[in-house]
Amino acid sequence: GRAARAAYAALRRGTLALQSVVRWAMATRRLVRWCRARVARRRFATLVETATRLQHRWRGALWRRCFVGLRAATVTTQTAARRRHFLKRYDAYRVHAVRVQTIWRGSLARRRFRDARSRTIALQSVARRWSKRRTLFALRFVRDRAGTLIQSAWRRALAITLVHRLHAERLK
């Protein structure tokens, strides 16, 4: 028994020593793996963080490029829309301005026509008055002359009659 127990104890010690070495080796392997994994995870995390930053910056640059293009397109579209809107308003204002100018010019032309017509009527009135006056003076002259002629003819006739009577009295 004792030898068996000693052999068992030696075997057990050897087994425990072997287990201890194996466990130590396994623990060392695990520790190395864990360390490597930790380093790998850190590296991976760093790589992921770096990749995320790069992606973030790249996407930002892409969005800025896209934004610049979109902004230019938006400004162009807004400019075209505003231009169209203001051209419509300008056309409406122009139509109204032309209408106001037409009314004003028509009013001005009517006023000028009325003034010219009243001046023409006044001139015609003066011309007619002058013509009638001339005619009136001519008629008065003719009338007065006619009266004078009649008086003259009457006096002549009277004178001739008187002369004939005197002549006849002398002859008698």
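A search of the whole structure finds 1 salt bridge, a term for a side-chain nitrogen of Lys or Arg within 4 Å of a carboxyl oxygen of Asp or Glu. Before we visit it, a word on the model. This is a predicted model, in which local features need pLDDT of at least 70 and side-chain atom pairs count only at pLDDT 80 or more, while totals for chains, interfaces and linings use all residues. Residues are numbered from 1 along each chain as its sequence is written, and side-chain values use heavy atoms, with hydrogens and water left out.

Now to that salt bridge. Side chains of opposite charge can pair when their charged atoms come close. Here the partners are Arg53 and Glu49, whose side chains meet at 2.7 Å, N to O. Both residues lie in helix H1, 4 residues apart, which is about one turn of the helix. Arg53 is exposed, with a relative accessible area of 51%, and Glu49 is partly exposed, at 43%. (Buried means under 20% relative accessible area, exposed over 50%, and partly exposed in between, using a 1.4 Å probe and protein chains only.)

Let us step back to the overall fold. The protein has 1 helix and 0 strands; these are DSSP runs, of H or I with at least four residues for helices and of E with at least two for strands, numbered from the N terminus. The radius of gyration is 70 Å, well over the 16 Å that the globule rule gives for 172 residues, so the protein is more spread out than a compact globule. That radius is taken over C-alpha atoms, and the rule is 2.2 Å times the number of residues to the power 0.38. Along the principal axes, the C-alpha atoms fill a box of roughly 240 × 20 × 10 Å. Buried residues make up 1% of the 172 residues.

What gathers on the surface? Arg110, Arg111, Arg114 and Arg117 form a patch of positive charge, and Arg110 lies in helix H1, which covers residues 2–171. Elsewhere, Leu18, Val22 and Met26 make a nonpolar patch of about 270 Å². Met26 is also found in helix H1 and is partly exposed, with a relative accessible area of 42%. Patches are made of residues with over 30% relative accessible area and no salt bridge, joining like charges within 9 Å and nonpolar side chains (Val, Leu, Ile, Met, Phe, Trp, Tyr) within 5 Å.

Note on methods: Accessible areas come from the Shrake-Rupley method with a 1.4 Å probe; for residues, only the protein chains shown count as cover. Lys and Arg count as positive and Asp and Glu as negative; His and the chain ends are not counted. The place of a charge is taken as NZ of Lys, CZ of Arg, CG of Asp or CD of Glu.
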